[in-house]
Amino acid sequence: MNMIQAINSAIDICMGRDDEIVVLGEDVGFFGGVFKATEGLQAKYGKTRVFDTPITECGIIGVAVGMATYGLRPVPEIQFADYIYPALDQLVSEAARLRYRSAGEYTAPITVRTPFGGGIFGGQTHSQSPEGIFTHVAGLKTVIPSNPYDAKGLLIAAIEDNDPVIFFEPKRIYNGPFDGHYDRPVQPWSKFPESAVPEGYYRVELGKARIVRPGDDVTILAYGTMVHVAQGVVADAGIDAEIIDLRTLVPLDLETIAKSVKKTGRCVVVHEATKTSGFGAELSALVQEHCFHHLEAPVQRVTGWDTPYPHSLEWAYFPGPVRLGEALKRVMQD
Amino acid sequence: MTGRNLPPLSLHVPEPRFRPGDAVDFADFDMPVAGAVARPEIGTAPAEMRDHSYAMVRVLDDQGHAQGPWDPRLAPETLLKMLRHMALVRAYDERLYRAQRQGKTSFYMKCTGEEATSIAAAHALDYDDMCFPSYRQQGLLIAREWPLVDMMNQVFSNKGDRLKGRQMPIMYSARQANFFSISGNLATQYPQAVGWAMASAARGDTRISAVWCGEGSTAEGDFHSALTFAAVYRAPVILNVINNQWAISSFSGFAGAEATTFAARAVGYGIAGLRVDGNDALAVYAATQWAADRARGNHGPTLIEHFTYRAEGHSTSDDPTKYRSAEESTNWPLGDPIARLKQHVIALGIWDEERHAAMDREVAELCKAAQRESEALGTLHDGLKQPFDSMFEDVFEEMPWHLKEQSQQMRDERKAAGI
Ligand SMILES: Cc1ncc(C[n+]2csc(CCOP(=O)(O)OP(=O)(O)O)c2C)c(N)n1
């Protein structure tokens, strides 16, 4: 399975097990979503469980919160993460805080799925990585898979979770892994072990990172597409790096991170979002708080620039192999 | 542009008719006649109901007689119960307003003059219909006979506050009363109520939902998203707009009232719209009942504009004498909702001044007793009564490590500081 199929399978399985689960969003019904993540679900589960919505993101999330209040478990799709901003208030002030403000009387167990990230020539309105905004909000969980196996298991866990979850899908690797060299094609997932996705039910627990590659020299903290970029760079440069795929940003698996950095003494954080106040800042601060005496070099951040995502220059924006390679060199020199 | 011989454009900025110090004159207020508006069948297509968005449903005339097709013909017990609930809301507001002035809580909001819009509506709904209130619908809880003490505990953020002292006063939540947790962000409850109604419909349930917001809040995007959803899916929801003429210091013109009515918002969405006299409990009851029947019959949503007046300040933090004429509330042409219902039941011969005075004393006593009971559990300022640890609860279903760590840190800090 590729990642889209894995996501589709996760929703399908959850809907089959629990008829409280409903899917809503722009074009998700008959058409199956612009990326086809919900294909076939309406035919299988009917129009009252999988349905198209008007183009109003605050409406989609607001309605989902209301449905959750009724007792359903909505899985709304925001067509591109760039369009989540109109829904921000419903996510931040409502979904995230409903349990808290009502002292548990009301909850909003919704899982908001949304494709994010660049590398598809989407310009500044189809490429953003807004995960840092949501990790800053108390009460939301933030999940980002990097491969089909995790995508399915994490999505099932997210849908079954009783808290509101934002599930960011790295669209650049929907169809296959990608090492960050823009002139190299995306390889189909079928060539990789992570595409061996079981047909049936399984979960990948939220809050547990994955060691993608063990190593002794430096710890690379990555998620989503950047996991593949890191793998490519490490393989090319022959560095004995430990690559950690965070999988969930909130809750974060600090234990795995700290253990790794204490072993390697070096840490590079990589993400596609802009640098200033990005999640990389949080990661570097945590590493500094927990591993300071083990560090042999300052923590490096490899990120997108603090500019909007440009259309024609997107590969110069993308924190690809060159930028990551330079950071690894810097951190290894110290 | 140069060389174009055109007059300069000018920007229209709305201005209310009366400002502080002005004598108010409602002589030109086009007083709609009670009983004049037709009562359509509940299945009527929204397109055929256009006029109802511009007219005003009124049942009680100036003498307190019920007139016309919207007269809900309520049993005497129901009328008297509504009257009592309205009096109780007013007494409750009076008590807590004073408690705020005495420094026992940080904030309070009255609904004086608007009691009918929530009490009569609640009486026309079923108890298990779900309410998504704004902050001025304490009447819903009162009409559902929710314990006053519990409401006061919330206002005082005391030990008995089920919401653990997290919400500002008056931001109630009462799941058992089918009363949604109130948000401080205006209009967010609108799409939520529609979603609840959609879920109920999708499930083949029979319960409907109702939602309230102020006329000022209709300018929020959430309001319009909600109307789109409600229309598209024919959601069984009653969309109430309480037009009390003022949004803090901004008059209704800033939400578009100069150009149209708020009920007419429904027209563009293909929703049934009703405009009612919000100070006429019978009109509010009748409109709500009509809308509820319509929703239950799968005929879709109804938007009801309740035309009323906010007789007091926006909240205890507001001084309305700074921006509007003091005469507005006393001269309000549609009168006071309690006085009007009282006049009606007296005219019916089922009530009199003596009983009314006795009832006023009785509800005041009830509130006083409830306040005593609630204050025994503390008020906001005589010591923070909530356990400090509770701050970290309910952020997530299970407390993640970083919150456990922060809660431990707080405990350690307090211990080290000797508190
Ligand atoms: C999103 C948002 N913006 C602004 C405010 C501040 N605010 C609180 S009440 C209010 C006026 C609301 O007026 P209206 O909707 O007419 O209701 P009313 O108070 O008259 O009942 C404003 C601006 C808020 N609470 N939420």
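Colleague: Which residues in helix 8 of chain A meet helix 12 of chain A?

Modeller: In this predicted model, A:Val229, A:Ala230 and A:Val233 are the residues on the side of helix 8 of chain A, and they meet A:Pro321, A:Leu324, A:Gly325 and A:Leu328 in helix 12 of chain A. Sorted by class, the contact of these two helices holds six nonpolar residues, one polar residue and no charged ones.

Colleague: At what angle do helix 8 and helix 12 of chain A pack?

Modeller: Helix 8 of chain A, residues 225-237, packs against helix 12 of chain A, residues 321-333, at an angle of about 60°, and their axes are 10 Å apart. Helix 8 of chain A is therefore oblique to helix 12 of chain A, and the crossing in which the one passes the other is right-handed.

Colleague: Turning to the interface, how many residues of chain A are in contact with chain B?

Modeller: On the side of chain A there are 44 residues in contact, and they face 47 residues of chain B. The two chains bury about 3700 Å² between them, with 59% of that area on carbon and sulfur atoms. In chain A, the residues that lose the most area to chain B are A:Tyr70, A:Tyr100 and A:Arg101, which together account for 22% of what that side buries.

Colleague: How many salt bridges does the rule find across the interface of chain A and chain B?

Modeller: The rule finds two salt bridges across that interface. The side chains of A:Asp19 and B:Arg203 meet in a salt bridge, with 3.4 Å from N to O.

Colleague: Why is helix 3 of chain A described as roughly perpendicular to helix 6 of chain B?

Modeller: The axes of helix 3 of chain A and helix 6 of chain B, residues 221-232, come within 9 Å and cross at roughly 75°, and this crossing makes the two helices roughly perpendicular. Here A:Cys58, A:Gly59, A:Ile60 and A:Val63 meet B:Gly221, B:Asp222, B:Ser225 and B:Phe229, a contact with four nonpolar, three polar and one charged residues.

Colleague: For the backbone, is the peptide bond from A:Val250 to A:Pro251 cis or trans?

Modeller: That bond is cis, with omega near -5°, and A:Pro251 has its place in the loop between strand 10 (248-250) and helix 9 (254-264) of chain A. In another loop, the one between strand 4 (111-116) and helix 6 (131-135) of chain A, lies A:Phe121, a residue other than glycine whose phi has a positive value, near 55°.

Notes. Residues numbered from 1 in each chain as written. Chains lettered and ligands numbered in written order. Predicted model: local features only at pLDDT ≥ 70, side-chain atom pairs only at ≥ 80, totals over all residues. Heavy atoms only, no water. Axes fitted to C-alpha atoms, helices over the stretch in contact; angles between N-to-C directions. Helix = DSSP H or I, 4+ residues; strand = E, 2+ residues; numbered from the N terminus. Parallel < 35°, antiparallel > 145°, perpendicular 65-115°, else oblique. Left-handed = near helix turned anticlockwise from the far one by under 90°. Contact = heavy atoms within 4.5 Å. Nonpolar A, V, L, I, M, F, W, Y, C, P; charged D, E, K, R; others polar. Buried area = accessible area lost by both parts, 1.4 Å probe. Salt bridge = Lys/Arg side-chain N within 4 Å of Asp/Glu carboxyl O.
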